[in-house]
Amino acid sequence: MRGATPARGRDLEGLPQRYWWHLHHVHATEPATLVLDHVLVGPSGAYVIRYLPTSPGLPAPAIRDAHDRQLDATLAACTTDAAAVGAMLPARYRRHVRPVLCLRNIGDVAEEVSGVLVVSPGTLEDVVIAAAPVLSTSEAREVWSSLRGTLADVAPSTPSSRRHRHLVRAAIAAVAVAAVSAGALVLDPGLLEMLRTRS
């Protein structure tokens, strides 16, 4: 649901609602393929977040090779998302838009790889709070309001499509588990495409 108040059970709901605004699972009409998991706006800027599901109990992944071609594809997609969001904003705000790849259900991780912040949900909350303020409260609200007027909710899925998406995400998670266990985040390009399209 779009709105200034994060829904129960959403990531980063512990952030003070007076200073932070969320847009969850939204899309743009231009480019038509742009679908965003989460946009977070607050004092330290606008964060365009892609989530990747993993399995509970895993140690933090070692992002050992930032030049791995498949990892580069994921990071490039995050960068593209952030650039598209920045283009929707007045020029003065564009440098405050940051791409984020968030890995769920793993140990704490916070690394910057090729200009993308790679984190777990808990460390992301710490990072955005600790980062230096770049927007006043009124500026952050203006950024959020501008994006809220440009981005639209993704249409609710039917039970069958939700089940299909759950199975797809489970398969993606299995691949991610194997990759993290091997000590590197390496994803098959076909699975990356499924993540991008959010079928």
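This is a predicted model: local features need pLDDT of at least 70, side-chain atom pairs count only at pLDDT 80 or more; totals for chains, interfaces and linings use all residues.
Residues are numbered from 1 along each chain as its sequence is written, and side-chain values use heavy atoms, with hydrogens and water left out.

Let's start with the overall layout. The protein chain has five helices and seven strands; helices here are DSSP runs of H or I with at least four residues, strands are runs of E with at least two, and both are numbered from the N terminus. Going along the sequence, the pattern reads β-β-β-α-β-β-β-α-α-β-α-α. Of the 199 residues, 44% count as buried. By buried I mean under 20% relative accessible area; exposed is over 50%, and partly exposed is in between, with a 1.4 Å probe and protein chains only.

Now the sheet. In what order do the seven strands sit? They form an open sheet, β5-β6-β4-β3-β2-β1-β7, and the pairing is mixed. The edge strands are β5 and β7 (152-153), each pairing on one side only. Pairing, by the way, takes at least two DSSP bridges between two strands.

On one side, β1 (residues 21-27) pairs with β2 in the antiparallel sense over six bridges. On the other, β2 and β3 (residues 45-52) are antiparallel too, over five bridges. β2 and β3 make a hairpin with two residues between them, and Gly42 stands opposite Gly45 in β3.

His27 stands opposite Val35 in β2, and in β7 the bridge partner of His27 is Ala152. β1 and β7 run antiparallel, joined by two bridges.

What packs on this sheet? Helix α2 (residues 121-130) does, touching β2, β3, β4 (97-103), β5 and β6, and its direction makes about 130 degrees with that of β6. Helix α3 also packs on the sheet, touching β1, β2, β3 and β7, at about 20 degrees to the direction of β1. Contact means heavy atoms within 4.5 Å, and those angles, on a scale from 0 to 180 degrees, are between N-to-C directions of lines fitted to C-alpha atoms, for helices over the stretch in contact.

Val143 counts as buried because its relative accessibility is 2%. Leaving out residues up to four places away in sequence, Val143 touches Val41, Ala46, Leu89, Tyr93 and Leu135.

Next, is Asp81 buried or exposed? Asp81 lies in helix α1, residues 69-87, and is buried, with a relative accessible area of 6%. Its contacts, leaving aside neighbours within four places in sequence, are Leu34, Leu36, Val48 and Arg50.

Last stop, backbone angles. His25, in strand β1, has a phi near 50 degrees, a positive value in a residue other than glycine. His25 counts as partly exposed, because its relative accessibility is 30%. Ser114, in the loop between β5 (110-113) and β6 (116-119), also has a positive phi, near 50 degrees.
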